Amino acid sequence: MSSSKTLTLIILSLLALSSIYFIIVLQFQNGTMLILDSLTSETPQVLPPGPADSLIPLRQVYTKVWPLDMQVNRMTPFFWPLVSGILPELSLFGVYMAGQLVASETLIIVEGERRGNNGRVISYSTVWGLTWQNLPWGLVQPVYSFVHLLTASSSTPTITSVTGYTNAISSIPLAITTGYILPSVLMCIPSPQYISHQTHQALVFTWQLFPLWIGLAHAFFIKVSSTNAKNDPIKSLRNTYIFALLIACLSHLSIAGAVLALLYAPAPVQSYLQDILPPSFLPSNPALVFTPFPPHIPPFSKEQVSELSVGVLSLLQYDTIFAGFSSLLWASHLLHSCRRHHNVQSPTLGAVLLTLLFGPCGAALATMWKRDEEVFATAVRVPGKTVGNSKKDI
């Protein structure tokens, strides 16, 4: 095992262990879980208050399977502030995180469909995605990256190993649109203006199973899509990367840009934004969108959250930080490892620049795309290698 790989594995282990404190333990220390427990254990059970401060009864039955309904009853109050509009800072970060999740989901599904990963534990992308919903994303992602590197083949990556069947790769954007983006949009329909609170809670429950919907949609689209020998596996892979990076880039730049403008833009620009943004997306403290709650370790004070929505925002911020930067570290290692294999010294955009453009998860996906392009370019340079439509690459 190379020293670079050993160091990356050590850092990923430290990130996974650190995430346990910041994403789980801290939420008990700062009062987030105490507020959540009070909502789900006291009688009557209610959802966190919305902008109108109305008490909404917590829906008790979804599937009539008691253990599952109990889990949903605990998770629904947690996610409710995301869709109620009670904290605009949380609403803005929810949009930002959604774009990062598209990039992250695309990355693990692509990895699952690569021929070189066939049969490996990391190929079960739906299982990994469902684990995100029961354990924190920021904990599972560094574990996934650690397992990926620990079980990786020592052979040099090739076109065959990094590509998959074209219908499987080309179906990923449709699967994510159907299984994740559509449920996310439906979950944000306001209640009771357009739907009842009971229906709204059902949509929040449906959204929580998005990794399963993505997996089922992906299997369906693979089955109904035609296999054409003329299809280019590399083109399919590139199109999938473009789809996810476009979403990650739009959400990242729009939310980060709005926050920066509200903080530092001239007064006329700030006034214009305040006029066009709906109340649920107009933060009173724009800096809070990207400022996690301080940990309860010296020299930080032991602050308590003022309301559940603030704790939810902090947890999701730490979730994204640990998931994003662990995946970026992992992808960067694979890129540099590929270059050492192929003796490639060509320059690349730095991780910092990619993060500024796409966000951390988008940067990880862009880095992985760069790794794949290195493989394709090397195959072109090597005599006897071809790229494109040969049957072995389909």
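Axes here are lines fitted to C-alpha atoms, for helices over the stretch in contact, and angles run from 0 to 180 degrees between N-to-C directions. Helices (H or I, at least four residues) are DSSP runs, numbered from the N terminus. The model is predicted: local features need pLDDT of at least 70, side-chain atom pairs count only at pLDDT 80 or more, and totals for chains, interfaces and linings use all residues. Residues are numbered from 1 along each chain as its sequence is written, and side-chain values use heavy atoms, with hydrogens and water left out.

**Exercise 1. Describe how helix 4 packs against helix 9.**

Step 1. Two packed helices are described by the angle between their axes and the distance between the axes.

Step 2. Take helix 4 (residues 88–113) and helix 9 (residues 172–187). Their axes come within 11 Å and cross at roughly 135°.

Step 3. Classify the angle. Under 35 degrees counts as roughly parallel, over 145 as roughly antiparallel, 65 to 115 as roughly perpendicular and the rest as oblique. Helix 4 and helix 9 are therefore oblique to each other.

Step 4. Assign the hand. A crossing is right-handed if the near helix is turned clockwise from the far one by less than a right angle, and left-handed if anticlockwise. Helix 4 passes helix 9 in a right-handed crossing.

Step 5. List the contact residues (heavy atoms within 4.5 Å). Helix 4 supplies Ala98, Leu101, Val102, Glu105, Thr106, Ile109 and Val110. Helix 9 supplies Ile172, Ile176, Tyr180 and Ile181.

**Exercise 2. Repeat the analysis for helix 4 and helix 11.**

Step 1. Helix 11 covers residues 210–224. The axes of helix 4 and helix 11 come within 12 Å and cross at roughly 45°.

Step 2. Helix 4 and helix 11 are therefore oblique to each other. The crossing is right-handed.

Step 3. From helix 4, Leu101, Glu105, Ile109 and Glu113 take part. They meet Phe210, Pro211, Ile214 and His218 in helix 11.

**Exercise 3. Classify the crossing of helix 3 and helix 10.**

Step 1. Helix 3 spans residues 66–84 and helix 10 spans residues 197–208. Their axes come within 10 Å and cross at roughly 105°.

Step 2. Helix 3 and helix 10 are therefore roughly perpendicular to each other.

Step 3. Helix 3 contributes Val72, Met75, Thr76, Phe79, Trp80 and Val83. Their partners in helix 10 include His197, Val204 and Trp207.

**Exercise 4. Compare the span of helix 12 with its expected value.**

Step 1. Helix 12 (residues 233–264) has 32 residues. The expected span is 1.5 Å times one less than the number of residues.

Step 2. Inspect the start of helix 12. A side-chain oxygen of aspartate 232 reaches to within 2.9 Å of the backbone nitrogen of isoleucine 234.

Definitions and conventions. Helices (H or I, at least four residues) and strands (E, at least two) are DSSP runs, numbered from the N terminus. A polar contact is a pair of N or O atoms within 3.5 Å; within protein, one must be able to donate a hydrogen and the other to accept it, and residues adjacent in sequence count only if both atoms are side-chain atoms.
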